[in-house]
Amino acid sequence: MVAAPLHAFEVTLDASVVAAHDLVRRGRIRRAIVDLTVLRAESGGGSAATPVVATALLAECHLAQGDLGAALALGDELA
């Protein structure tokens with residue numbers, strides 16, 4: 001799975017989401033999961049798009065690790 005570059009989207013994201021995205025692009029999925037989970041738990045302030053993008057990226061990370069249940073739960077949350 002290859003994550004699309006974030007600059008392709010016209011949203012402003014917190015640096016923490018961009019950093020997690022970079023981890024995913026470098027194949028450091030476990031670390032990205034930890035960072036995104038913490039980011040979602042904090043979810044205060046920042047841009048309105050940050051929690052949504054963090055959740056979607058976290059779902060992709062779970063899919064990359066074969067954890068379909070966790071990915072589906074996050075997909076339901078996004079819906």
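## How the helices pack

Let's start with a meeting of two helices: V17, A20, H21 and V24 in α1 touch T50, V53, A54, L57 and C61 in α3, where contact means heavy atoms within 4.5 Å. Sorted by class, this contact of α1 with α3 has 7 nonpolar, 2 polar and no charged residues. Here Ala, Val, Leu, Ile, Met, Phe, Trp, Tyr, Cys and Pro count as nonpolar, Asp, Glu, Lys and Arg as charged, and the others, Gly among them, as polar.

A word on what you're looking at: this is a predicted model, in which local features need pLDDT of at least 70 and side-chain atom pairs count only at pLDDT 80 or more, while totals for chains, interfaces and linings use all residues. Residues are numbered from 1 along each chain as its sequence is written, and side-chain values use heavy atoms, with hydrogens and water left out.

Stepping back, the protein has 4 helices and 0 strands, and along the sequence the pattern reads α-α-α-α. Helices (H or I, at least four residues) and strands (E, at least two) are DSSP runs, numbered from the N terminus.

Here is how two helix pairs line up, with axes fitted to C-alpha atoms over the stretch in contact and angles running from 0 to 180 degrees between N-to-C directions.

| Pair | Axis distance | Angle |
|---|---|---|
| α1 (residues 15-25) and α3 (residues 49-64) | within 10 Å | roughly 15 degrees |
| α3 and α4 (residues 68-78) | 8 Å | about 160 degrees |

That angle makes α1 roughly parallel to α3, a label for angles under 35 degrees, with over 145 counting as roughly antiparallel, 65 to 115 as roughly perpendicular and the rest as oblique. By that scale, α3 and α4 are roughly antiparallel to each other. The crossing of α3 and α4 is left-handed, meaning the near helix is turned anticlockwise from the far one by less than a right angle (clockwise would be right-handed).

In the α3 and α4 pair, V52, T55, A56, L58, A59, H62 and L63 in α3 meet L68, A70, A71, L74, E77 and L78 in α4. By class, that contact has 10 nonpolar, 2 polar and 1 charged residues.

Buried means under 20% relative accessible area, exposed over 50%, and partly exposed in between (1.4 Å probe, protein chains only). Leaving aside neighbours within four places in sequence, H62 touches I33, D67, A70, A71 and L74. Across the protein's 79 residues, 32% count as buried.
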